[in-house]
Amino acid sequence: MLQNKLSQSDLLYFPVRSRCVCVCVCVLFQVSVMSCSESQDYCVCFSCALTHTHTHTHTHTHTHARACASKDVFRWAAAASSLSLYRMRNKQTLLLLLSLCVYTGKSDFAPYFYDNGSGSNNGNMALFSIAEDTAVGTHVYTLNGSDPEGEPVTYGMTFDKGSKESFSVEPKSGNVTLVESLDREFQDEIVACVTITDGRNKVVENVRVFITDVNDEKPEFLNRPFIVDVPEDVPSGSSFYRVQAVDRDIGSGGSVSYFLQSSSKFTINGHSGVLRIRPGESLDYELARTHFITVVAKDGGGKYHGKYQVMTSTAIVTINVLDTQDSPPVFVGTPYFGFVYEVSVPGSEIFTVFAKDGDQNSPNPIHYSILNGSDGFFIINSTSGSISLTSFPVQLRNELYELKVKASEVGPDSEFVDFAVTTVTIRVVDLNNHPPTFYGESGPQSRFELTMYEHPAEGEILRGLKITVNDSDQGANAKFRLFLVGPSRVLRVVPQTVLNEAQVTVIVENSTAIDYEKYQFLTFKLLAVEIDTPERFSATADIVINLLDTNDNVPKFSSEFYIARIPENSPGGSNVVSVTAADPDSGLWGEVKYSIYGSGADLFLIHPTSGIIYTQPWASLDAEVKSKYNFYVKAEDTEGKYSLAEVFVTVLDQNDHRPEFNQNFLEKTMIIGEPVQIQAVDEDAEEPNNIIEYSIMKADPDGIFDINSSTGEIKLKPYIRSMEIVQNITRQKDCRWSVLVQARDRGSPSFSTTAVVNIDITEPNGLKGPMGAFLMQSRENPLKALGLAVGFISVMVLVTVLISTLLFFRNTKSNRIRPARRIIRRRAKEPRHWSFRPAFGHDRDRDEDDEDTSDKIKGNNSSSRTKRPIPSAPVLPPPPPAATGPQRIQLDPRDHQRDVASVSGPTGPQRDQRIQPDQRDLPSVSGSISRTTGISSALVSELKMRIEQKIIEANRGYYY
């Protein structure tokens, strides 16, 4: 029973009251004996005669060493007696036995931590805190404790399962080191258990380490970008927008205040972020259509890595001014100067004024009129503003007239809504003694500067240029022309022709050429040159335009397409290619963000800022499955302007397949003198990974086979030419040999496979060609030959049936009743027989020849009724007898090169009926031709002519 109680857990926890009075509970006897006061360092358990150390902390550990109840039998008896007497409430006996147990047993105290409280860097880490910017590897604390017996102690620290282990402890020294970076915004406290043990007793305490904040976070603006539309008639001091930024730090570092960078028209509330129009200021669409202000968000500051710092963030607020109908007409090109020449006549145009509605979004028509100053000598066109002379110049009483011209806006109901008045000065001409001169706001000026945004609207007037040109002469002497010298067709000057004096207006003609990315400033020369004067006085002025940047460019890739190569089986996340796009705009407008899309982009991803394309972490590329991919990459700026480029990715083949035979054991029949071929297949996609080389690893018997390393053809050595040699090598009649063949690819690394080829050696037979090769192969597979024979016979039967069917339908169609058609063939005329009487003839020989020839012709006619023979030439007449033996008459081959057919027909012996040109001999005839050696050449020529004529007639008579 006592042993069972000793096997229980030896760790108990119990609370300590305000005066740190703890109740010791003995695990062995499960009874409470006494209390210990605050001044005591340990308490004695009277149930088991053990002394227990404790510390005055929130948890008290009571540790029993298992040896305390097994010192000797006496202590077991004393403990049992103490238990019995305690239950009998005999206090005196209990005290006596307890003293005896304490005297005979040796005490074992548990170690304990020093509790140095908050602010200390050693002890039990109670109320310990650490800054989040503490560097990894820093020694942040020292665990410190002691053992009452003076035994050496070791320290440890554990964390909850699944939590990050931020600290490490050196067991002997108790030094605590930071091993993970801290971030208060992510985790503001760390829960851990610190332990101290002397090898037998172990004390565990729960601690919470608090992470203190430092100023490491910038304020972040919400709901960007900030674009606000504000009507131009908003009252001064009104609020129109509120920006908001947050800082994740706490304390002063988390407070945010706002201010503006150099803005004269707007103010911002430093605490709320509300934007207002500055008191005394107003918006004017005609002066500025867009305002850009920079809002700065600043935190309250704080320490970071031991230094005090204040962190800020900026944001640009774009304010678009909306136009309202609040501006009167504006005269363009003022002041106006006109001149009356001595040669002018009534009705001559003196000057033309021009005014336009100040509200450019919805301008009203303009009506012109002269208020006063004309004295009846000048009138104005109410529509065009042209001022004309009404009388001759000699009738003018003054040299200078100042006309008050009124330009009124005509409203929708034809009423005059608003108006403007200007002065038109008309002078009489004078001598040419003054050159043209340019004036600014402060007097004569030769250089004018203007700052403006790039790409203004075409036709826009550069209002910042206040230029006046004047020629103090009168009449034609004060007439000059204005030229603008600089980049071609970018700006134009109005008016181009000036009489005496005019306000110079510069108008945008080519907005594209005014590009900040090309020129940060533009320089022009303004020339004024007199037109009709001999002196041709002139003046020049420089116009310098400083440009401001806008987001007018689209990000552009360095190439329209990119070609990349990546080995197959590359791990996920491998680099494929880096794309680059540039946006020439400045500031935030020049920042580029990348993305990809397309049917082939599923296996790839792109870094949004660097443009590096990776494979997906889960992607697996296989050149045998798909070796080509293409997709699009997109480069986009902060306002959504973008461009595209195409990426072509080629998956490079790797040697990841080994050659494979169809079977591991192959059966082949070899004819002596003929090779047999084996073949392996490598499924790799490209060379040299799928190029196979064959070699013989082992043969039985050895040294009699050669193999072609490229084709896999196996053949016998050249000296083996007969079966006798084969049988002499094997010493047996069975000529069946085995060869172990290896197939190895050329990849790197190289793979190989082997197969056993059983070769049956036979002698060559009489069958040659494809049929013989097939029959030899069929020895190994007779069913294959039988199947082929059956298939061949079946095909022949089908072809026969098909032909018979076609002939049947053809005959059926031809047997239909049709008009009778009869072909009458003209029977060939019997050839006339020609005979020549010799000078001293032999009629008998001639008669015999005639009879023989007649019989042959009759035979031909009788056989022609059944089968028409080829038309033959007529029989040659017998030549005159000659004194000597038979002799052949030969014609000149150059006379006529035609075939002479035989007259014997089918009844006579068959012979070649064609006569070659080099063998053109006339057939010999029976008789005594040798006796005609004295025949003249004239007779031969006549004979030749008649033979040719008869041949022609015979051929004509054969057809009808």
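The model is predicted.

His 367 sits in strand E32. Leaving aside residues up to four places away in sequence, His 367 touches Ser 382, Lys 406, Ala 407, Ser 408, Val 410 and Phe 416.

Asn 364 belongs to the loop between strand E31 (355-357) and strand E32 (366-372). Its side chain makes a polar contact of 3.1 Å with the side chain of Glu 409. Beyond residues up to four places away in sequence, Asn 364 touches Gln 325, Asp 357, Glu 409 and Val 410.

Three strands form an open sheet in the order E30-E34-E33, and the pairing is antiparallel. Strands E30 and E33 stand at the edges with a single partner strand each, so one side of each has no neighbour in the sheet. From one strand to the next, the twist averages 25°.

| Strand | Residues |
|---|---|
| E30 | 349-352 |
| E34 | 386-389 |
| E33 | 378-380 |

How many bridges join E33 and E34? Three bridges do, in the antiparallel sense. Ile 379 stands opposite Ser 388 in E34.

Conventions:
Residues numbered from 1 in each chain as written. Predicted model: local features only at pLDDT ≥ 70, side-chain atom pairs only at ≥ 80, totals over all residues. Heavy atoms only, no water. Pairing = 2+ DSSP bridges. Helix = DSSP H or I, 4+ residues; strand = E, 2+ residues; numbered from the N terminus. Axes fitted to C-alpha atoms, helices over the stretch in contact; angles between N-to-C directions. Polar contact = N/O pair within 3.5 Å; in protein donor to acceptor, adjacent residues only side chain to side chain. Contact = heavy atoms within 4.5 Å.
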